[in-house]
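Thanks for making time this morning.

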Amino acid sequence: MLDAVVVGAGPNGLTAAVELARRGFSVAVFEARDTVGGGARTEELTLPGFLHDPCSAAHPLGINSPAFRALPLERYGLEWLHAELPMAHPFTDGTAAVLSRSVAETAASFGPRDAGAYRRLVEPFLPKWDALVRDFMALPLTALPRDPVTLARFGLVGLPPATWLMRRFRDERAKTLFAGLVAHVMAPLSGFATGAIGLVFALAAHARGWPVARGGSQSISDALTAYLKDLGGTVHTDYEVKRLDDLPPARAYIFDTSPTALARIAGFGDYYAGYRYGPGVFKIDYALDGPVPWTAKEARNAGTVQIGADSAEIGTALRAASREGRAPEKPFMITVQPSVVDPTRAPAGKHVFWAYGHVPSGWTGDLTDAMERQLERFAPGFRDRVLARATAGPPELAARNANYIGGDIASGAVTGLQIMLRPKLSLFPYGTPHPAVFICSSATPPGPGVHGMSGHNAAKAVWRRLRQT
Ligand SMILES: Cc1cc2nc3c(=O)[nH]c(=O)nc-3n(C[C@H](O)[C@H](O)[C@H](O)COP(=O)(O)OP(=O)(O)OC[C@H]3O[C@@H](n4cnc5c(N)ncnc54)[C@H](O)[C@@H]3O)c2cc1C
């Protein structure tokens, strides 16, 4: 009998498996796809020699993750690569606001009227960042935080809607960049705790940057898998789990799946019926003949580039996709240009470019033209550089990964109380009605992103239980 079986080899499933294996437990992972990685994978999607990340590409949460930082992933090939700027947000006048490693450079890019407000917002948290990140990413709801004062201060600033926090700024530059940060998790700007989302991304940039992984996001998954195998764990791919009986006998079962799939597989009926899924995304991976011809020079040197002319346009795009059930005419877009720092991703002189915009759940249309019209506003001549493109809307994303229901890449809406209390209102979100069955996907706290913290937190609960029994 195995100690633990993990279903799903995404970053959370693999982290849970590693955490258990390094504590001496026997672990086997079962993955539906023919390769490991889930949302952290790399594929030659367009032309030979162009290595694309179909899912995650930028890793502010990965490099800041207490779980990843405690594992020897560099020894297994993971190398973070940093562009000159973590992020740039270009405007139609050819200038850009930036998120730099330096608070001063970031503040200066917002203009004189908002530079002080930005410094006052982020500077108190930066010296306490490591304790803060541990507290909000790993805190069991039943334990005391390591730094309760800082966490409480963070809560005061972050729990109100992002629109409140944005009122600290007088000009559009800071407001727009901040609105874009919140939009990374598809939360409407007026939603509860959305201020915290923007603040976390900003603090993460100042603390450790927003890197890409050399060779692509697959190298994160491959490093976790190689370490797991060294620890004696096994990984079985091409193995879709449909019922608990499909799995070998084990003392604990940990699901890196959606709550809906877990309920179906484990026969939990409507236990997770209240869990809500959010809007979808439309993803495009480009093979380019050269770098993106951004008008703003800052954008040419940034790993991530946000696209949205101002905070109102971003708010309109978010509302269209999440509340009005229609695709935005001017989509807010997140784009990443990994080959600016990683020459292994494309043939010499060529580039890969990664972009997505938000669309309603399950949307079956084609956002390519709307996205490229947006890109042409900030990078005229972009279309002339396109050698090939691979597109994926909600149906394709959901077909590739069962966790992305309706194309929701967060595996559950990041709105309302579900931002923090997911997949159910519970002091122990990783537990299920069955004492030997656990859930560790991004449908559990701290939510979406490649950081492995849901897997880490769930594994902690599992090893405590295994030691008791
Ligand atoms: C287009 C896109 C862009 C993104 N951009 C970023 C980004 O830049 N930065 C970032 O940090 N995050 C990003 N994300 C989000 C990130 O990829 C996810 O939050 C993260 O991968 C969640 O990890 P997970 O382990 O919970 O689940 P997943 O990575 O989704 O892994 C779940 C795994 O379980 C497997 N599985 C599901 N059901 C079964 C079953 N029944 N039997 C066997 N196996 C099963 C799936 O095949 C999959 O491999 C992006 C996601 C997408 C899709």
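If we ask which element gives the largest share of the shell around the ligand, the answer is H1, with three residues. Please keep in mind throughout that this is a predicted model. Helix H1, residues 11–21, and strand E12, residues 351–359, each supply at least two residues of that shell. In total 36 residues surround the ligand, and the closest are Glu 31, Gly 39, Asp 256, Asn 401 and Gly 449.

Asp 256, which is among the closest residues, has a side-chain N or O atom 2.8 Å from an oxygen atom of the ligand. The backbone takes part as well: a nitrogen atom of the ligand lies 3.0 Å from a backbone N or O atom of Ala 32, and a polar backbone atom of Val 241 is 2.9 Å from a nitrogen atom of the ligand. Of the 1000 Å² of accessible area that the ligand has on its own, the protein covers 95%.

Now to the helices. How are H9, residues 172–183, and H14, residues 311–322, arranged where they pack? Their axes are 8 Å apart and form an angle of about 20°, and the two helices are therefore roughly parallel to each other. On the H9 side, Glu 172, Lys 175, Thr 176, Ala 179, Gly 180 and Ala 183 meet Ser 311, Ile 314 and Leu 318 of H14. The residues of this contact comprise four nonpolar, three polar and two charged.

Definitions and conventions: Residues are numbered from 1 along each chain as its sequence is written. This is a predicted model: local features need pLDDT of at least 70, side-chain atom pairs count only at pLDDT 80 or more; totals for chains, interfaces and linings use all residues. Side-chain values use heavy atoms; hydrogens and water are left out. Axes are lines fitted to C-alpha atoms, for helices over the stretch in contact, and angles run from 0 to 180 degrees between N-to-C directions. Helices (H or I, at least four residues) and strands (E, at least two) are DSSP runs, numbered from the N terminus. Angles under 35 degrees count as roughly parallel, over 145 as roughly antiparallel, 65 to 115 as roughly perpendicular and the rest as oblique. Contact means heavy atoms within 4.5 Å. Ala, Val, Leu, Ile, Met, Phe, Trp, Tyr, Cys and Pro count as nonpolar, Asp, Glu, Lys and Arg as charged, and the others, Gly among them, as polar. A residue is near a molecule or strand if one of its heavy atoms lies within 4 Å of it. A polar contact is a pair of N or O atoms within 3.5 Å; within protein, one must be able to donate a hydrogen and the other to accept it, and residues adjacent in sequence count only if both atoms are side-chain atoms. Accessible areas come from the Shrake-Rupley method with a 1.4 Å probe; for residues, only the protein chains shown count as cover.
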